[in-house]
Structure formats: C-alpha cells, structure tokens
Amino acid sequence: MDYKKISILIVLLTGMGWLNIAEAQQTNQAEIHLFARYVDGNGIEMRWFSDNNEVMRRGTETGFVVERRVAGTGSFQVIETVQPLDEAQTEQLIQTTVGEGNRADRLRVVTELRASDTEHLSGSIDFQNRIEDLVNRKSAEDFRTMTFMLSSFEDSLAARVLGLSATDGNVMPGQTYEYRARLANPGGLNAVSVVTEVTATEETVDYEVPILMNEGDGELSFIWEQPENSVGMYVQRSFSENGPFEPLNEVIELNLRGNQYEGPQRATFADKELNNYRTYHYRFYGQNVFGERVLFGEASGTAS
C-alpha cells in the first residue's frame, strides 16, 4: 500500500481533547463520540469516532448502528445501520463522484487500510519525506485510527467509505433530538456511546479566534487557541490584503501534545526567510469534523 497518497501531515499532537488514543486504551475506557448538526433541506448530519483502536477497527469493518430519540423522552430507536464500503463500492463511488486524482487516491488508501492486517503494517511512516517519526504513535493500530479520523476530517466521502457518517432526513424543524452510535457487532467490546443533543435549526458556527503575532528579523510567528470545533491548520499568505493568497502548506498540519496535557490547546506557526519591512497578510484555516475547511483567523505583519 502506498501511504504517500494520503494528504495528511502530522507535525506535533492534537487539538481535540478526546483524541487521546493511547491514554484511553491504557485505562481500558472506550467511547464513541458522535457529532451532529442540522442543515436546512438535508436534515441532521452526523459523524462519529472512537478513541479506541479496536472499536474503530471493528466498526469500520462491521458497521455502526445510529440511534435517535426526541430529547428527554422514551428510549432510543434505531434509525440506520451504517456499513463501510468495500473496494468495489469505493471504486463505483470514485467513478461516479470524483474521478481520478488525489481525492480518489485517498479513498482507495483508506479502503485498503481498513481491510489490511495491522501486524503487517510498516513500523515507519513517511508522508512524502515531510514527517519525522511520529513519536507518540505506539503501534500500527494507532496509525490506522489516526488515518481514519484525519481522512474523514479532510473529506466527507472518506467518512462515507469508512462508515463513519450518516444523515437523518426525517426530522421536524425546531425539534430537539438526541443521537448516539454503537457498534453493529460489538463481539465482546464494551464501548460507551456518548449521547449528542442537537436541535433541528440551522445555526452559524463561529470559528473565529484571535491570532497573536510576533514580528522578528526576517520572520513572523503566530499563536492562537485552536477552535474547539476544528482541527489542524492550513495557512495562506499574500502581499495584498485582498489577495491573491498562496497556500503555505498543501496538507493539514496538526499541533500535537502528549496524552497527559490538559492546558490550553494552543497552536503555532512561523513564516521565515521573509523580506524585512515588507507587509504580509495571512489567512488561517482549519478542518471541521464534517470535512469542510473553515476560516478561523486573519493577521497582517511586517518582518523587521
């Protein structure tokens, strides 16, 4: 398998508090987290992920059951059993939806990785020679779980291929619902299904956060607190406030921290080898769990 086709760059350790795979497994606590939002004309869109390698492996092989109830009432009812796509189904999706290219490569890789035996996975990782060893990666299973999550963040079709997404179109506008996802075939695995409440009302999510900047000799450095509803960053730069902006990274960068870290989820970026006394303009984007790139900050500065 050619892992170089996956357009993900992991640089440090992350962003989302529940994404502590190693720590969760050390305490034998497994959870399935479901994220949901209402989109007018479509319904309630959902994504779910587990902080446990075995739960993710089992779910992306045998599927997940999505359940719903009106908030504060009765018992949960099954609304869908979501199955991952096999290789043939993925190829059909590629041909009818995206054609050939990087996106098709990503979908093929996650399909192959889902079907592979982890004990045969390589112990080293090299994404186009851009990454050093992922120090916090304890096993091939960690690598596979992170790949599934990040691929789904980058591309909604990857979540569909892996069986990590669903849409509930049978909802009443204004009604509040509770959702949860569980393994279709737990096989003895005990995973807590974390319940998510969502109202069928379209709301604008505010991703904007302050960007702090330091001007140095030939460089500009930035720091911010990562928005809770997004991960990673893409950075664009321009010589004009109105653009055009050029990307400074083609693949998502994550800010990673150790498992025990409980402080602010701050992220950093430095742009070096700049011309002094020239003003540069920047835009910072993240990925939300629904596979969308979202603008969360802008900044301008002059190297000195």
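Predicted model: local features only at pLDDT ≥ 70, side-chain atom pairs only at ≥ 80, totals over all residues.

Residues are numbered from 1 along each chain as its sequence is written, and side-chain values use heavy atoms, with hydrogens and water left out.

I begin with helix 4, residues 102-115. Helices (H or I, at least four residues) and strands (E, at least two) are DSSP runs, numbered from the N terminus. Buried means under 20% relative accessible area, exposed over 50%, and partly exposed in between, with a 1.4 Å probe and protein chains only.

The side chains of R108 and D105 meet in a salt bridge at 3.8 Å, N to O; the term requires a side-chain nitrogen of Lys or Arg within 4 Å of a carboxyl oxygen of Asp or Glu. Both residues lie in helix 4, 3 residues apart, about one turn of the helix, and both are buried. An α-helix has 3.6 residues a turn, so residues three or four places apart point the same way.

A second salt bridge joins R106 and D155 at 3.2 Å, N to O. This pair links distant parts of the chain, 49 residues apart: R106 belongs to helix 4, and D155 to the loop between helix 5 and helix 6. R106 and D155 are also both buried. The structure holds 19 salt bridges.

Which residues touch the most other members of the largest nonpolar core? They are I44, M46, W48, L164 and Y179, in a core of 46 residues. Such a core is a set of buried Ala, Val, Leu, Ile, Met, Phe, Trp, Tyr and Cys residues joined through side-chain atoms within 4.5 Å. Apart from it lies another core, of 18 residues, W224 among them.

W224 also has a place in strand pairing: its bridge partner in strand 15 is A267. Strands 11 and 15 pair in the antiparallel sense over 6 bridges, where pairing requires at least two DSSP bridges. The open sheet of 3 strands has the order 10-11-15. Strands 10 and 15 stand at the edges, each with a single partner strand, so one side of each is left without a neighbour in the sheet.

Key: Expected span 1.5 Å × (residues − 1).
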